[in-house]
Structure formats: C-alpha cells, structure tokens
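Colleague: I am new to this one. Could you walk me through how to read it?

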Amino acid sequence: MICVEESKCIQCGSCLTACPFSVLEMKDVPVANPDRICISCMHCAAVCPTNAITLDGKEGILPEPLRQLPETFAGDLEQFLLQRRSIRSFTEEHVNHNILEHALEIANWGNSAKNQKPTHWIVIDSRKELDVILGHILAFVDKTGICPEIKELCALGKNPVFGNAQTVILGYCDKNAINPTADTAIALTYLELYFQSIGISTCWAGYLTRLANNIPELVEYFQLPEHHAFFGGIFLGYADTSKEDYLHVPQRMKKANVTWMD
C-alpha cells in the first residue's frame, strides 16, 4: 500500500492532485482510501518534494535526480527518429546479456493500461534455436501455402522472419489484459529505440509474431501459459554495414493522414 511518512510530509497536497484515481485523501497527512484501487503508477511519489512516499515499504522514486535535457534535445530526437532504420543484416557478434536485461527494464517504463505491465518476454539468443523455429515455419509454408514469400525470400538469402539475427525478443500477454496489443507495442517501441540509441539495430518480427500463435509446432515449442499469446517482437544485433549502411533519410511518399476537428 501507499504510505506517507508523517515526519517528512509538508501537507502540500501535490500527491492528492497527481493521483489519477483519487486514492489519497488528506487526514493529518495523505492516506490511502481502502475503497479505491491504487495502480502503483507512483505519480504521487514523483511529485512529492520531500520524498515522503513509499509503496509496500519500498522507495517510491529512483535515487538519481532528474537530468535537465539540452536545448538541442527536440531537434536531436527528431533526427534520431528520422534516421531509425529496420535492419535485417547483422554480424555474428552477440549482444551481451546484461545489455539485453537492462534494455528490457527500460521497456518497463512504457505506459500501459491501468499500469498493468502485462507483457512478459521470451529471449531467444541462439542461432541453433532460431534455425529450429525457421524450420517449423518453412514446413508450415510448404504444407499450407500461407506466406509463400517467406520461402521465396529465404531461397534468395533474405530471411524475412528474423534476418540473420542472433537474438529475437518476443512479448506475450494474457489475452484478457485490458489492452495487451497496445501495451506490448509501446514496450517494444521503448525497447527498440533504446537499442538503437546504443548502436544495436532492430527490426520488428511481424511474421514470427503471427506464426508463433498459429503454427501448432511453434505453439508447442513456446509453451505459453493458458490464455496467453504473442503480441509483438523484434530481432536485433549489430548491423553488418558491409550489407546495410544507410547514408540518407529516405523520403516518406505517404504523408500523415490527419482530420482536424477543431
């Protein structure tokens, strides 16, 4: 439960204002109303000027102070987003597990419906295992005729499922979560942008996400809990710039389609 330390509280009321579900109410100090549901978003702790708020006995904020972003940040961010590319050609170098784990923690800061954080992760960090998965997919294509372009492209040396990546990350959720599709997409966007910022290239694993939910052999292979399914994934690694080295920002021929209702 949310707890406000009386000795630190200055009764400014900032936490009451910030709470999206009016969980806190003012007594001698703010206290949690037991009839309301706290979603542990920690808005209250983030606005508290005296760090008086804990959740289940744990500090409500990170120890590091907020950093001031440089004045150039907006322009730098715009350029970073425009330069992001989906990469499918990688070197054989593996990404360190500590980097992968840290990136997945960063992804946990992505917003989710009622702060459920429903996404769980499977990290496949073995080319041998990826080859097994690809074998099941190609057998499925041969049997059903679905997605024939996968086999055609693989024959040309261009694997559209996960390129020649050494690592794939798949996100799965309980299908009964409030918004598993959006929540996983947001977490994956945080994940890929963080990876790109530290020089690790990515591409969304759309084929694998769909097929992992529908090929019986892959359903058995992944053994997700009951009522769970994959809602997104990426493959990643260090770009092989001898095959993919982008020198320009490409033009977007299809512009933003906007309807104004002001």
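Modeller: We will go from the overall chain to helix packing, then to salt bridges, the surface and the loops.

Modeller: One point first. This is a predicted model.

Colleague: Understood. How many helices and strands are there in the chain?

Modeller: The chain has nine helices and nine strands.

Colleague: And what box do the C-alpha atoms fill?

Modeller: Along the principal axes, the box is roughly 70 × 45 × 45 Å.

Colleague: What percentage of the residues count as buried?

Modeller: The chain has 262 residues, and 35% of them count as buried. The cut-off for buried is under 20% relative accessible area.

Colleague: Now the helices. How do I describe two that pack together?

Modeller: Two packed helices are described by the angle between their axes and the distance between the axes. Take α4, residues 97-107, and α7, residues 180-197. Their axes are 8 Å apart, and the packing angle is about 135°. That angle makes α4 oblique to α7.

Colleague: Why oblique rather than roughly antiparallel?

Modeller: Because roughly antiparallel needs an angle over 145 degrees. At about 135°, the pair α4 and α7 counts as oblique.

Colleague: Is the crossing of α4 and α7 left-handed or right-handed?

Modeller: The crossing of α4 and α7 is right-handed.

Colleague: What is the handedness of the crossing of α5 and α6?

Modeller: The crossing of α5 and α6 is left-handed.

Colleague: On to charges. What is the general idea?

Modeller: Side chains of opposite charge can pair when their charged atoms come close. The cut-off for a salt bridge is 4 Å, from a side-chain nitrogen of Lys or Arg to a carboxyl oxygen of Asp or Glu.

Colleague: How many salt bridges does the structure hold?

Modeller: There are four salt bridges in the structure. One of them joins Asp131 and Arg127, at 3.3 Å from N to O.

Colleague: What does Asp142 meet in a salt bridge?

Modeller: Its partner is Lys151, at 2.7 Å from N to O. Asp142 counts as exposed, because its relative accessible area is 52%. Lys151 is partly exposed, at 43%.

Colleague: And which residue forms a salt bridge with Lys27?

Modeller: Glu25 does, with the closest N and O atoms 3.8 Å apart. Lys27 is exposed, at 54% relative accessibility. Glu25 is partly exposed, with a relative accessible area of 29%.

Colleague: Now the backbone. Which loop holds Ser40?

Modeller: Ser40 is in the loop between β3 (30-32) and α2 (43-47). Phi of Ser40 is near 60°, a positive value in a residue other than glycine.

Colleague: Where is Gln223 found?

Modeller: Look in the loop between α9 (216-222) and β9 (228-237). Gln223 has a positive phi near 50°, and it is a residue other than glycine. Gln223 counts as exposed, at 59% relative accessibility.

Colleague: A last one, on distance. How many residues apart along the chain are Glu59 and Leu104?

Modeller: They are 45 residues apart along the chain, and their C-alpha atoms are separated by 21 Å. Glu59 is found in strand β5, residues 58-59. Glu59 is exposed, because its relative accessibility is 52% and the cut-off is over 50%.

Notes: Residues are numbered from 1 along each chain as its sequence is written. This is a predicted model: local features need pLDDT of at least 70, side-chain atom pairs count only at pLDDT 80 or more; totals for chains, interfaces and linings use all residues. Side-chain values use heavy atoms; hydrogens and water are left out. Axes are lines fitted to C-alpha atoms, for helices over the stretch in contact, and angles run from 0 to 180 degrees between N-to-C directions. Helices (H or I, at least four residues) and strands (E, at least two) are DSSP runs, numbered from the N terminus. Angles under 35 degrees count as roughly parallel, over 145 as roughly antiparallel, 65 to 115 as roughly perpendicular and the rest as oblique. A crossing is left-handed if the near helix is turned anticlockwise from the far one by less than a right angle, and right-handed if clockwise. Buried means under 20% relative accessible area, exposed over 50%, partly exposed in between (1.4 Å probe, protein chains only).
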